[in-house]
Amino acid sequence: MITKSDWQAVHAQLLAERRSRLGDPPTVEEMLAYANGELSKDDEERVRALLVGYPELLRALHADFDEDDSGEALPQGVVNRQWNAFRRNIARPETGRVLQFWRATAAIAAVLAVTFGALLWRAQSQLDEPGLMTPQTLYLEPEGGLRGGSDVPKTIEPTADLFLLNIPLRNEQHFDSYRIDIAAANARKPLRSLEAQRPEDDLFTVVVRRAFLPAGAYEAVVYGVDGAGTRQIARYPFRVR
Amino acid sequence: MTMDDAQFEAIYRQFYGRVYRFFRKSGVADSEAHDLAQDAFKRLYEHKDRIRGPEPWPFLKTIARTTLLNYVRARHTSKRNAKIVEIDDPETHDDLPQTPEPDHAQAQQDALRRESLGSAIRTLSEAQQQVLHLQLEGLSYEEIAAALNISVDAVKSRRRDALRLLRERMRGEPGGFEWPGADPEEER
């Protein structure tokens with residue numbers, strides 16, 4: 001007799017075959033277009049066949065929202081805490097604003113969590129010179145679209161002489177300290193940061209002069225360091241135009 | 001008119017709970033749901049100039065769904081980043097329970113039965129297979145209809161035809177088959 005466990009085993013096997021035959025899941029844009037009925041007939045059939053092989057995506061595509069606030073409310077303290085964390089993450093000097101050098105230094109020092117030894121020294125040498133500067137703040141996303149990140153590397157359109165690269169730490173495992181490397185594609189030697197503690201808001205900010213990142217493809221890699229050694233935690237690909 | 005930070009904070013406080021609940025209801029763990037909600041609001045903040053009119057909820061819903069889809073999709077495409085565990089690491093074997101001796105004859109029977117069922121399902125049309133797979137995933141008729149962009153009647157019809165064909169093709173199987181979550185009215 002064919003039992004429930006037989007059905008489940010065969011179902012799992014056929015889904016695996018379907019994924020292997022049809023390949024990676026559809027892109028988010030394709031899924032949204034499918035749900036909105038905006039695809040051609042052929043594309044709709046292709047995306048439908050793929051989605052059947054990835055039922056978690058189908059569920060996500062059709063998941064319902066609460067349309068009012070009758071659901072269980074979050075405690076006000078939780079919302080306050082989340083808002084404060086959010087505000088810290090978005091707090092940044094306004095791009096394009098002209099700052100006097102000592103204000104810029106203070107602003108950078110306030111957010112600086114990881115410093116790139118020689119780079120920082122040279123950057124600070126520049127900062128110590130009286131003058132004007134316009135830091136450009138950028139947010140990098142982890143590779144592979146983790147937690148809503150994009151599959152496409154972030155592209156930086158340089159508008160300033162100094163980059164503040166914000167690197168959110170998503171890994172929940174804690175290490176004694178952390179290190180960040182930035183490497184150009186095919187580069188033999190990465191730019192290597194000093195080790196730093198995990199920031200309270202899980203957001204590393206790296207200061208790099210634009211001159212050190214000429215146009216090209218790069219990758220920031222975060223490492224966790226503890227007694228067991230150094231372990232790679234996440235990669236953040238980006239491009240500079 | 002550009003939205004100022006005070007207006008954005010009001011939106012955040014009004015809708016944070018709804019966005020968080022959306023992720024939780026979608027099976028995301030508590031701490032991850034907060035992370036995803038933060039990501040969604042970060043995207044809203046980055047695109048706050050695109051909020052049309054006084055009601056940001058429709059735009060925020062699109063962002064939250066996109067965030068969830070990216071999150072789920074990444075779990076399928078990031079296997080190359082998975083941690084590699086040494087299989088001869090003794091620490092990974094410490095807590096493994098002792099498994100009983102396998103019944104080889106029974107295992108062979110199970111494999112043959114499943115192979116026969118798999119072959120029968122493969123002979124169904126793609127449309128019929130899709131309905132069966134989604135029902136085995138636990139989706140209701142309405143959910144399957146929405147997922148496949150077809151009517152509920154079409155779902156029922158495809159399911160009925162698929163089960164009839166499978167019964168014919170599995171006639172030689174002793175005891176027939178039990179359809180998980182079978183609808184008795186339709187089974188007859």
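Colleague: At roughly what angle do the axes of helix 6 and helix 7 of chain B cross?
Modeller: In this predicted model, helix 6 of chain B spans residues 141–148 and helix 7 of chain B spans residues 152–169, and their axes come within 8 Å. Because an angle from 65 to 115 degrees counts as roughly perpendicular, helix 6 of chain B is roughly perpendicular to helix 7 of chain B. The crossing angle is roughly 105 degrees.

Colleague: Which residues of helix 7 of chain B make that contact?
Modeller: By class, the contact of these two helices has 5 nonpolar, no polar and 2 charged residues. Helix 6 of chain B contributes B:Tyr141, B:Glu142, B:Ile144 and B:Ala145. From helix 7 of chain B the contact is made by B:Val152, B:Val155 and B:Lys156.

Colleague: Is B:Asn149 buried, partly exposed or exposed?
Modeller: B:Asn149 belongs to the loop between helix 6 and helix 7 of chain B, and it has a positive phi of about 60 degrees although it is not a glycine. A residue needs 20 or more other C-beta atoms within 10 Å to be buried and 12 or fewer to be exposed. Since B:Asn149 has 14 C-beta neighbours inside 10 Å, it counts as partly exposed.

Colleague: What percentage of the residues in chain B is buried?
Modeller: The secondary structure of chain B comes to 8 helices and 0 strands, and among its contacts between residues at least 6 apart in sequence, 54% join residues at least 24 apart. Of the 188 residues in chain B, the buried share is 30%.

Colleague: Which helix of chain B gives the most to the side that touches chain A?
Modeller: The contact between the chains takes 58 residues from chain B and 51 residues from chain A. On the chain B side, at least two residues each are supplied by helix 1 (5–25), helix 2 (30–46), helix 3 (57–77), helix 4 (104–122), helix 5 (126–136) and helix 6, and the residues of that side divide into 24 nonpolar, 17 polar and 17 charged. With 12 residues, the helix of chain B that gives the most is helix 3.

Colleague: What is the handedness of the crossing of helix 5 of chain A and helix 2 of chain B?
Modeller: The axes of helix 5 (residues 76–90) of chain A and helix 2 of chain B come within 11 Å and cross at roughly 50 degrees, which means that helix 5 of chain A is oblique to helix 2 of chain B. Here A:Gln82, A:Ala85, A:Phe86, A:Asn89 and A:Ile90 meet B:His34, B:Gln38, B:Phe41, B:Lys42 and B:Tyr45, and the residues of this contact divide into 5 nonpolar, 4 polar and 1 charged. The crossing is right-handed.

Colleague: Which residues touch the most other members of the largest nonpolar core?
Modeller: This core has 56 residues, and its largest share, 8 residues, comes from helix 3 of chain B. Leaving aside neighbours within four places in sequence, B:Ala37 is in contact with B:Tyr16, B:Val19, B:Tyr20 and B:Phe23. The residues that touch the most other members are A:Leu57, B:Val19 and B:Ala37.

Key
Residues are numbered from 1 along each chain as its sequence is written. Chains are lettered from A and ligands numbered from 1 in the order in which they are written. This is a predicted model: local features need pLDDT of at least 70, side-chain atom pairs count only at pLDDT 80 or more; totals for chains, interfaces and linings use all residues. Axes are lines fitted to C-alpha atoms, for helices over the stretch in contact, and angles run from 0 to 180 degrees between N-to-C directions. Angles under 35 degrees count as roughly parallel, over 145 as roughly antiparallel, 65 to 115 as roughly perpendicular and the rest as oblique. Two residues are in contact if their C-beta atoms, placed from the backbone, lie within 7 Å. Ala, Val, Leu, Ile, Met, Phe, Trp, Tyr, Cys and Pro count as nonpolar, Asp, Glu, Lys and Arg as charged, and the others, Gly among them, as polar. A crossing is left-handed if the near helix is turned anticlockwise from the far one by less than a right angle, and right-handed if clockwise. A nonpolar core is a set of buried Ala, Val, Leu, Ile, Met, Phe, Trp, Tyr and Cys residues joined through C-beta atoms within 7 Å.
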